[in-house]
Each structure stands twice: as C-alpha cells, then as structure tokens.
Amino acid sequence: MEDSYDSAAKWSDSTSPYNMVSWSLLQPDSSDTDLSRFNLGSSDEFVGGNDKAESVSRSHRLAEKRRRDRINSHLSALRKLVPDSDKLDKASLLERVIEQVKELKQNAKESPIFQDLPTEADEVIVLPETITTNDFKPDTIIFKTSFCCPDQTEAIPEIVGVLTKFQLEAIKAEIICVGGRMRINFILKETITTATSAKALKQSLCAALNRITSLTSSSSSSVCRIRSKRQRWFLSSNYS
C-alpha cells in the first residue's frame, strides 16, 4: 500500500506538462479555473447569430411575397385587357399580349391619324411642288418639308438658320412632340427668286440634323459622367 501511495505522489509531482495541467484543474483556489481563457465563447453569441439569420430569412420571404403579389396583380390586369384569357397560363397570356401590342402598333402606322407622329428614326424629307393658284405667282415652287429629330431646343434655331440661308419663308408649320421625339412639318416658299434646289435644301437640313443629334449624344454622355445615382436618374429621365 505504501508503494502505491508513493507512486501516486510521484505521479502528482511529475513535471510532465499534461500532469501539471490536470493537477492545476483539481485545485479549487487556482486562478486557472477561469475557463474563459480558452476562448470557448458563450451561448449568447450563438443565440444572437441565429436570431439575425432568422430575421434575414424572414425579410427575404416577405420581399419575395411582395414581388409575387405584384406580378400576380399585373397579370390579373392583363387578363382584363385581353379577351378570352381566363384559362390561359402565364406564358400564353404574355404571348397573346405581345401579339396584340404588335397588331396595335402596325394599325397605328397605317392609320392616317398617326402618320404625322414623329418616328424613332431621324429623317429629312423635302418634296418640291409647283402651284398655280391665285394666291401665288404663276409657277411658284414650294417645298413640303418634314424634319424628324430628337426633341431638343436647338432644333428650331438650326432650322431657322437654314431657312434664312436660302431666303425661304414658312407658309405653314406644325410641330408634334411625342416621347422625346419631334417632327416639324412645314411648307416653304422663296421670298425672292433664287431657284433653290430641293437637293441643296435637303443637304443643309441634314447637316442641321447631324448637329442636333451630336448635341443630344454629348448631353447623354455628360449624364453618364455624373457619379451620383440620384443625379443620373433625374437627368436621364429628363433626356429620355
């Protein structure tokens, strides 16, 4: 028995690092009993992380529900506009809507009511015509002109400059602005007999059109250089 006690004492007095740690943990008054030095963390941190993950998940589910509700609301509105669409699935409904929009757009192009509306393409049309009415001198030449360009304030001064150059007078003029585009239809006659050719007039108007479109491009590029998202959105909505 004495030999066993001696061996136990020797084991407890061993300088082995493992034995020193084990012996120190058994001492009630030892300062090493504070387990926080092992950085095991606390259960509160795990609980907080779970709450945060649950909050993020809940926000994501609510946002997804709002998105689905918005889509379903718009689809319901489309069903009311498209006849016989109650039994169509979503893909078939959208296909039917696309077909109807294309059909309406084609009908608008063919309708005489919309022929004078500005198109998406920049264009200049000059048609000379000889008139013999009592309101004008015999064989008076007039020019029926159409000018389609972006809706910019610089368009009018550019056109006036061309008319002044050729000494032309506008008998009739109308301006139509829709969706950021502008069409100017006017009838021109010479103030003096200068034998203005339709080709020369069209070339000058095309040059004015190029200057207007270049100003539009430079304005758009200046908007892109603005770094603020709010400023980019505000200015782009004005230029569109």
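Leaving aside neighbours within four places in sequence, glutamine 152 is in contact with Met182, Ile212 and Thr216, where contact means heavy atoms within 4.5 Å. This residue, glutamine 152, lies in the loop between strand 2 and helix 5.

The model is predicted: local features need pLDDT of at least 70, side-chain atom pairs count only at pLDDT 80 or more, and totals for chains, interfaces and linings use all residues. Residues are numbered from 1 along each chain as its sequence is written, and side-chain values use heavy atoms, with hydrogens and water left out.

**Overall composition**

The protein's secondary structure comes to seven helices and four strands. Helices (H or I, at least four residues) and strands (E, at least two) are DSSP runs, numbered from the N terminus. Read from the N terminus, the order of elements is α-α-α-α-β-β-α-β-β-α-α. Of the contacts with a separation of 6 or more, 54% are between residues 24 or more positions apart.

The four strands form an open sheet in the order 1-2-4-3, with antiparallel pairing. Strand 1 (123-131) and strand 3 (168-178) stand at the edges with a single partner strand each, so one side of each is left without a neighbour in the sheet. On average, neighbouring strands of this sheet are turned by 15 degrees against each other, direction ignored. Two strands pair if DSSP finds at least two bridges between them. Strand 2 (residues 140-150) and strand 4 (residues 181-190) are paired in the antiparallel sense over nine bridges. Phenylalanine 147 stands opposite isoleucine 184 in strand 4.

Helix 5 (residues 155-166) lies across strand 2, strand 3 and strand 4, and runs at about 15 degrees to strand 4. Axes are lines fitted to C-alpha atoms, for helices over the stretch in contact, and angles run from 0 to 180 degrees between N-to-C directions.

**Burial and the nonpolar core**

Buried means under 20% relative accessible area, exposed over 50%, and partly exposed in between (1.4 Å probe, protein chains only). Buried residues make up 21% of the 240 residues in the protein.

| Residue | Relative accessible area | Class |
|---|---|---|
| Cysteine 148 | 0% | buried |
| Glutamine 152 | 13% | buried |
| Cysteine 206 | 27% | partly exposed |

A nonpolar core is a set of buried Ala, Val, Leu, Ile, Met, Phe, Trp, Tyr and Cys residues joined through side-chain atoms within 4.5 Å. The largest such core has 21 residues, of which Val126, Phe143, Phe147, Leu168, Leu188, Leu201 and Leu205 touch the most other members. Strand 1, strand 2, helix 5, strand 4 and helix 6 (198-224) are the elements that give two or more residues to this core. Helix 6 supplies the largest share, six residues. Apart from neighbours within four places in sequence, leucine 205 is in contact with Val124, Val126, Thr145, Phe147 and Val162.

**Threonine 213 and the cysteines**

Threonine 213 also lies in helix 6. Beyond neighbours within four places in sequence, threonine 213 is in contact with Asp122 and Pro150.

A search of the whole structure finds zero disulfides, a disulfide being a pair of cysteine sulfur atoms within 2.5 Å. Cysteine 148 is in no disulfide, and the nearest cysteine sulfur, that of cysteine 149, is 6.7 Å away.
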